[in-house]
Amino acid sequence: MKNTHYHYDLIFANLFFGANFSFYVSLIRNYLDFEQIFMLQVLAGAVFFIPFAIFSRYSYRITWRDLRNILIVTLLIIYGWLYMLLWGSSYTTPIDASVIATLGPAFTLIADHIIHPHQYIRMRIFGICCALIGAGILIFGEGFIPIHGSRAYGNLLVLVAVVAIAVNTVIIKPQLERLGTLVVMGWYYIIGLAISTPFFWRYIDHTAFQRLPLSAQGELAYILILGTVLPMYLLYRGAEKLTSVHTALYRYIQPLTAGILALWRGQAHFDMTNIIATGLIFVGVIVVVVGYRYTLRHGLAQPIRPTATAATPPKPESPAG
């Protein structure tokens, strides 16, 4: 298999991310506010990634356009993904949250179409609709107006987080390829510290984390190191080198890991809603990514070229997913 180690990057990233959901729920419901975990995740990422940005020669190549994109993506990552994911996890179950997380590729393709317009093929439309229906079953299964604090409300917040991470992978692709994963992520956290510390430092300033039970300390250590720093790096390195097909298919590891842990720890159980929603999302994303690759290989999907720049070669579709 070509670029085998990048495939392993995506496999392990999704394994680690999947386990996160169980530990989020355990800590938020028993020991910590989700804002405390959020700020600690930002600090952990900053400690690891910022030195790569400060001491790398590639940082001197950053243009104003790069900084603009990195600023937009930082907002999407810090508040759109990390914050919303933790907020949603405080209300929903690990299984629901991990199933919704697999919608990322569908939203990535929607965002990519908006930024780099392509002709929509029927299989692609069908797959996206199928995946969205699956998410709708989880979110609106108990009513069309999610009640604040309900499981459906948490699922809706997780969906917002998934949209944010999907849009981010489309916007930041050029910077990842030109500057490298570590440099870009270092700048994420330089900006992330600046925009989050004034608001959330108070959540951890006087918290006695050493008084937490040993099991809770272990869960927190997992979230910060194996659930944040390492999988973030592996995910972006894999997304930089591989295609949306790979990143989409490997996301299905997340609900498997989250489901096994949640069932083993008695945090949730699979019901008919989970099964139907998972099936629809799985079928939808498979149709989107595999069907699109088939039509692209046979020349059936062409970018939409603006009339004013018809002579300009079309931009390739972003391989991030």
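## Helix packing and confidence in a predicted model

Helix α1 (residues 4–30) packs against helix α4 (residues 94–101) at an angle of about 140°, and their axes are 9 Å apart. Axes are lines fitted to C-alpha atoms, for helices over the stretch in contact, and angles run from 0 to 180 degrees between N-to-C directions. Helices (H or I, at least four residues) are DSSP runs, numbered from the N terminus. The two helices α1 and α4 are therefore oblique to each other; angles under 35 degrees count as roughly parallel, over 145 as roughly antiparallel, 65 to 115 as roughly perpendicular and the rest as oblique. The crossing of α1 with α4 is right-handed, a term for a near helix turned clockwise from the far one by less than a right angle, with anticlockwise being left-handed. F21, S22 and V25 of α1 meet P94, A97, S98 and A101 of α4, where contact means heavy atoms within 4.5 Å. Five of these residues are nonpolar, two are polar and none is charged. Ala, Val, Leu, Ile, Met, Phe, Trp, Tyr, Cys and Pro count as nonpolar, Asp, Glu, Lys and Arg as charged, and the others, Gly among them, as polar.

This is a predicted model, in which local features need pLDDT of at least 70 and side-chain atom pairs count only at pLDDT 80 or more, while totals for chains, interfaces and linings use all residues. Residues are numbered from 1 along each chain as its sequence is written, and side-chain values use heavy atoms, leaving out hydrogens and water.

Helix α3 (residues 64–89) also packs on helix α9 (residues 181–200).

| Helix pair | Angle | Axis distance |
|---|---|---|
| α1 and α4 | about 140° | 9 Å |
| α3 and α9 | about 50° | 9 Å |

That angle makes α3 oblique to α9, and their crossing is right-handed. The contact includes L67, I70 and Y83 of α3 and W187, G192 and F200 of α9. By class it has 16 nonpolar, three polar and no charged residues.

The whole structure holds 19 aromatic pairs. Rings of Phe, Tyr and Trp (its six-membered ring) pair if their centres lie within 6.5 Å; planes under 30 degrees apart count as stacked, over 60 as edge-to-face and the rest as tilted. F21 and Y24 have ring centres 6.5 Å apart and planes at 85°, so this pair is edge-to-face.

The protein averages a pLDDT (the predictor's confidence in each residue, from 0 to 100) of 79, and 80% of the residues score at least 70. Confidence is highest in helix α2 (residues 34–55), at a mean of 92, and lowest in helix α11 (residues 244–250), at 65. Over residues 301–321 pLDDT stays under 50.
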